[in-house]
Amino acid sequence: MGKPQFYDFCVHAAPDGDNTAQELTALARHFGYSGITLANHSDKLPQSRPVLSLPDGFEIFKGIELVEENPSKLHGLIGKFRKSVDVLIVHGGSETVNRAALENPRVDILNHPAFDKSSGLNQVLAKAAAENGVAIGLTLRPLLNSRGSRRIRLLSDLRANLDLARKYEVSVVLSSDAISCFDLRSPMEALALAEICGLEEEEAIEAMSTVPEKIISRNRPGPGYIREGVEVLEEVDYF
Amino acid sequence: MKRLLPSLRAKKRYLAFELICEGPASRNDLIKEVMSSASSLLGDVVASECDIKVLGFEDWKGIIQCSHTRVKETRASLAALTRIGGKRATLHILGTSGTIKRVTEKFLQDHKVFEPKIETESQRLRDDR
């Protein structure tokens, strides 16, 4: 087995974050990532898609992080953006939004599910997530930028969600959720931090490499793809 | 006092790092922040087991020493560093080794530190094409 390829699946570029997409990609490349997803919040989308020079061996995926309180509007937004993006993230944070996101198989990742006094997940939601193939996003930025009691809260929420994810076999994605260059961490450091926070080494590597790869292969069907379950593997002239 | 026998000395790992920071950062500020982030993330007990020391820091590059069994914890606590003297910063570990000589040769000698002004990098990428 070769070296795993690492991806950062939630990076916010200007106008959502402080730095431009060029700066973030240059830094992520320097850190040794194989690809990042530029996923701005849906209320802060750039006017036009930035034109990026694509260096070899580095991929930039189109993504979006939907922010919407109303579940039926959220489903509408998912339908609107699904076709045009590679990675669709929902910004959770209330029971109804979490539920709507996890019950929709067109969603890829649910970020920040925690609210008030709950970690954001329970057995019902975890089961729904496993059934619909929605991954739970673990984000580094809040962990890095808080200290003391707030960080303790975040870590215990993370542990609770991890336990549920392990029990119901929900996939987990580890991302930086960076809003500036200074929030990005290199893959090795992100792994070390994740392991300190309670993930096993294998889980952490999976959360940064295989799970993102699966999401991309699901959303970027091959050239022979016709519909779900039907695919032309080899075209031969029969006549 | 008599020096400890080599076989009795604690084994160490040396981490080469580069610092990406908004503004100038002094060695003392760096040491202070590294220690405080380690004790905040790991707690004082584990941080003491890590035996973290900043050995040298010059030109945005440097070497940090830690216990050879606690590299992971050290890495995590260095990753948790977000600010130095009030300025936003990231510490990027270039590699680890068991001797200072090797870590310098392998990672620090011809390493160019990533420019905080990143426009130059993307400019260069564009020029290369």
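**Sheet and helices of chain B**

B:Leu15 stands opposite B:Ile64, a residue of strand 3 of chain B. Helix 1 of chain B, residues 27-50, packs on the sheet. This helix touches strand 2, strand 3 and strand 4 of chain B. Its direction makes about 155° with that of strand 2 of chain B. The model described here is predicted.

The strand pairing was examined next. Strand 1 of chain B spans residues 12-21, and strand 3 of chain B spans residues 61-67. These two strands pair in the antiparallel sense, over 7 bridges. They belong to an open sheet of 5 strands in chain B. The strand order is 2-3-1-5-4, and the pairing is antiparallel. Strand 2 (53-58) and strand 4 (83-84) of chain B form the edges of the sheet. Each of these edge strands pairs on one side only.

Helix 2 of chain B, residues 71-79, lies across strand 1, strand 3 and strand 5 of chain B. Strand 5 of chain B covers residues 87-97. Helix 2 of chain B runs at about 160° to strand 5 of chain B.

Chain B as a whole contains 4 helices and 5 strands. Read from the N terminus, its elements follow the order β-α-β-β-α-β-β-α-α. Chain B has 129 residues, of which 33% are buried. Contacts between residues at least 6 apart in sequence were also considered for chain B. Of these contacts, 67% join residues at least 24 apart.

Notes: Residues numbered from 1 in each chain as written. Chains lettered and ligands numbered in written order. Predicted model: local features only at pLDDT ≥ 70, side-chain atom pairs only at ≥ 80, totals over all residues. Buried ≥ 20, exposed ≤ 12 C-beta atoms within 10 Å, placed from the backbone. Contact = placed C-beta atoms within 7 Å. Pairing = 2+ DSSP bridges. Axes fitted to C-alpha atoms, helices over the stretch in contact; angles between N-to-C directions.
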